[in-house]
Every structure is written in C-alpha cells, then in structure tokens.
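Please look at the sequence and the structure first.

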Amino acid sequence: MDTLAGTTSQVTNSQDVGGKPKRTRQASEIDFPYVDLDQAIEVPHVIHARLGIKCLPEQLSGALSLKGGAFHRRLGAAKMFGLIDKEGGEIRLSPLGRRILLPESQAAARAEAFLT
C-alpha cells in the first residue's frame, strides 16, 4: 500500500479464472471539487443577496437557476471550500462564507477557502 499526501492506493494481484492477473485499486480518499472557487463563491453571494443567511436547497436552486447535477456540483464545491454548512434540511452560510462577502476580508477568506 502506497501512501502519499493523504491519498491511498492499493494494487492487488490475484489470479483470474483464465490465469491472467487481476488488478484492483482502492480509490483516493481525497475529494476534489468539480467547479472552481469563483463558481463556488457565487453560492454565498446568492444566499446573502437573495435569501438571507440560510435557505432550503430548492430556494437556492431557483436563485442560482441551476438544476440536478449542475446544482449539486456547485453546492458540493461550496461545501468543500468551507463556504456553506448543511444543517438538517437547510443550507447556511459558514463563518468563512460570511467573511468572503466582506471586501476587507475577501482576499484572506479566498486564500483560506482555496486551502480548505
């Protein structure tokens, strides 16, 4: 088993029915966002401007004009960057999500979100 910077991969050789080696791999344990930070930052901006500090997913989907996979990718990225929290059925701005909205703390908050 190789471990490098928090990723884990495991390669196992075993014999298949035909005598050929069968290889299996363990997936990485690190999640990566499918959208960039700028698109993720749109989520706290829309929540704050149109919905307050918390909302239901259906409200946010309508406010972002996104449905299905596109909405879930954007929401997942905002959560991975630490901009929102999910509590029960609600989406709330996280402290970092609030700081990223303020001009005086925006640069430092963007850097923190990127490193998250």
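At what angle do the axes of helix H1 and helix H3 cross?

## Basis of the model

This is a predicted model, in which local features need pLDDT of at least 70, side-chain atom pairs count only at pLDDT 80 or more, and totals for chains, interfaces and linings use all residues. Residues are numbered from 1 along each chain as its sequence is written, and side-chain values use heavy atoms, without hydrogens and water.

## H1 and H3

The axes of H1 (residues 37–51) and H3 (residues 68–80) cross at roughly 90° and come within 8 Å. H1 is therefore roughly perpendicular to H3 (65 to 115 degrees; under 35 is roughly parallel, over 145 roughly antiparallel, the rest oblique). Axes are lines fitted to C-alpha atoms, for helices over the stretch in contact, with angles from 0 to 180 degrees between N-to-C directions. Helices are DSSP runs (H or I, at least four residues), numbered from the N terminus.

In this contact (heavy atoms within 4.5 Å), Gln39, Ala40, Glu42 and Val43 of H1 meet Arg74, Ala77 and Ala78 of H3.

## H1 and H2

Helix H2 covers residues 57–64, and its axis comes within 10 Å of the H1 axis, crossing at roughly 100°. H1 is therefore roughly perpendicular to H2.

On the H1 side, Glu42, Val43, Val46, Ile47, Arg50 and Leu51 meet Gln59, Leu60, Ala63 and Leu64 of H2.

## The loop residue Ser65

Ser65 lies in the loop between H2 and H3. Phi of Ser65 is near 60°, a positive value in a residue other than glycine. Ser65 counts as exposed because its relative accessibility is 64% (exposed is over 50%, buried under 20%, partly exposed in between, with a 1.4 Å probe and protein chains only).

Conventions. Helices (H or I, at least four residues) and strands (E, at least two) are DSSP runs, numbered from the N terminus.
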